[in-house]
Amino acid sequence: MSALTANLTVNGDRLWDSLMQMAKIGPGIAGGCNRQTLTDEDAEGRALFQEWSEAAGMTMGVDTMGNMFMTRAGTDPDALPVYVGSHLDTQPTGGKYDGVLGVLGALEAVRSMNDLGIKTKHPIVVVNWTNEEGARFAPAMLASGVFAGMHTQDYAYNRTDLEGKKFGDELARIGWKGEEEVGARKMHAYYELHIEQGPILEAEGKDIGVVTHCQGLWWLEFTLTGKEAHTGSTPMPMRVNAGLAMSRILEMVQEVATANQPDAVGGVGQMQFAPNSRNVLPGKVVFTVDIRTPNQAKLDAMRAEIEKRGAEICADLGVGCSVEAVGHFDPVTFTPELVSNVRNAAERLGYSHMDLISGAGHDACWAAKVAPATMVMCPCVGGLSHNEAEEISPEWAKAGTDVLLHAVLESAVIVEE
């Protein structure tokens, strides 16, 4: 496209300032953020995003899952919009950039289009998806999953947090339950900018990750039922120890993931003991196994083996065992044409780049079910994410957003006057 040149770039200082301003809402205790979904802090972050977007001339729509859609009009009223965005919610001990860069980078792209007087045939919609993280309400990518028809809205509304509060009730409480039907919107294309959340780009000295695929995932929630008993007075042969069963399952998950190399991972990041007392053997243990790989057959085989061997471990110890799949998506192959737009943008702008498979799940995985989609990634220091110490540089943020701008404009089609 002749109108796209290396001179067309975003305002990096304004982008960075926006990131720092958003990070003040729901600050963490160690320099990051705690802006979990459907909290008061989430509501405050949404309001700031709305204020900035409307100041940039966009109009807002909100659906019944709380997804926010900020529209910049195109010149053709019949042209489907190009969607671009990510999420503003964070982990309890999250960083300032995971998800947020994708939303505010998209906003900066629109601001820069305004500055440069660029008009597009297709409207551009900047989106903030609700509950991407899944930290408070499992599964992750919940609202984009409802949008794509992967979950029902009733299922989503009835998800509960650790305090028993329901998603639907909390969405209404913070005032961000919209009226639009979820999934009624149609997309011409979808782009998402994100930090890598892994160490590859930094280690390879690359500015841009051109994301070709996304790993598939299963979250398997194990509920183990033992017998509460005094740790000091219960003989070892007479124990029904759910905690012991859990530890053996954790070792087994490590074995299964290691045996399925390359390109497979597995682990456990959350567990709950009941009654969680120092001198009481747990009567109940709940934990979630997270397994991922870009290979569909391997993903399904790992799930089957973990469930089978987990049940055997529990049976040997007399412990009850049930498993619920609380999160899942198949491996995703992103749209080659959009992937090429990202790659071409990086080359046009002179940014070093390489192809990547995303190790984390993203809203783009569900968007890809209903529209052409792809992602752009920038490095993060040490590959660290889901941690308050998560860090990127202003230069990385600008490079990723520059590439995003160019790729979006390829799909939105610049109107030259």
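Contact here means heavy atoms within 4.5 Å. Helices (H or I, at least four residues) and strands (E, at least two) are DSSP runs, numbered from the N terminus. The model is a predicted one, so local features need pLDDT of at least 70 and side-chain atom pairs count only at pLDDT 80 or more, while totals for chains, interfaces and linings use all residues. Residues are numbered from 1 along each chain as its sequence is written, and side-chain values use heavy atoms, with hydrogens and water left out.

Take helix α10 to begin with. Buried (under 20% relative accessible area, with exposed over 50% and partly exposed in between; 1.4 Å probe, protein chains only) are Leu338, Val339, Asn341, Val342, Ala345, Ala346 and Leu349 of α10. Because they cover an arc of only 155° around the axis, they sit on the same side of α10; the arc is that of the directions from the helix axis to the C-beta atoms. Pro336 and Glu337, on the other side of α10, are exposed. As for partners, the buried residues of α10 pack against strands β6 (189-195), β7 (208-214), β15 (353-358) and β16 (373-378), plus helix α12 (394-412). Just after α10 comes Gly350, with a positive phi of about 80°.

In α9, Lys298, Leu299, Met302, Ile306, Gly310, Ile313 and Cys314 are buried. They cover an arc of only 120° around the axis, which puts them on the same side of α9. Ala297, Lys308, Ala315 and Asp316 are exposed on the face turned away. The buried residues of α9 pack against β8 (216-225), α8 (242-259), β10 (265-274), β12 (284-293) and β13 (320-329). After α9 comes Gly318, whose phi is positive, near 70°.

Now for the cores, each a set of buried Ala, Val, Leu, Ile, Met, Phe, Trp, Tyr and Cys residues joined through side-chain atoms within 4.5 Å. Of the 103 residues in the largest nonpolar core, Leu104 and Tyr191 touch the most other members. Helix α12 gives the most to this core, with ten residues. A second, separate core of 23 residues includes Ile249, Ala264, Leu299 and Met302.
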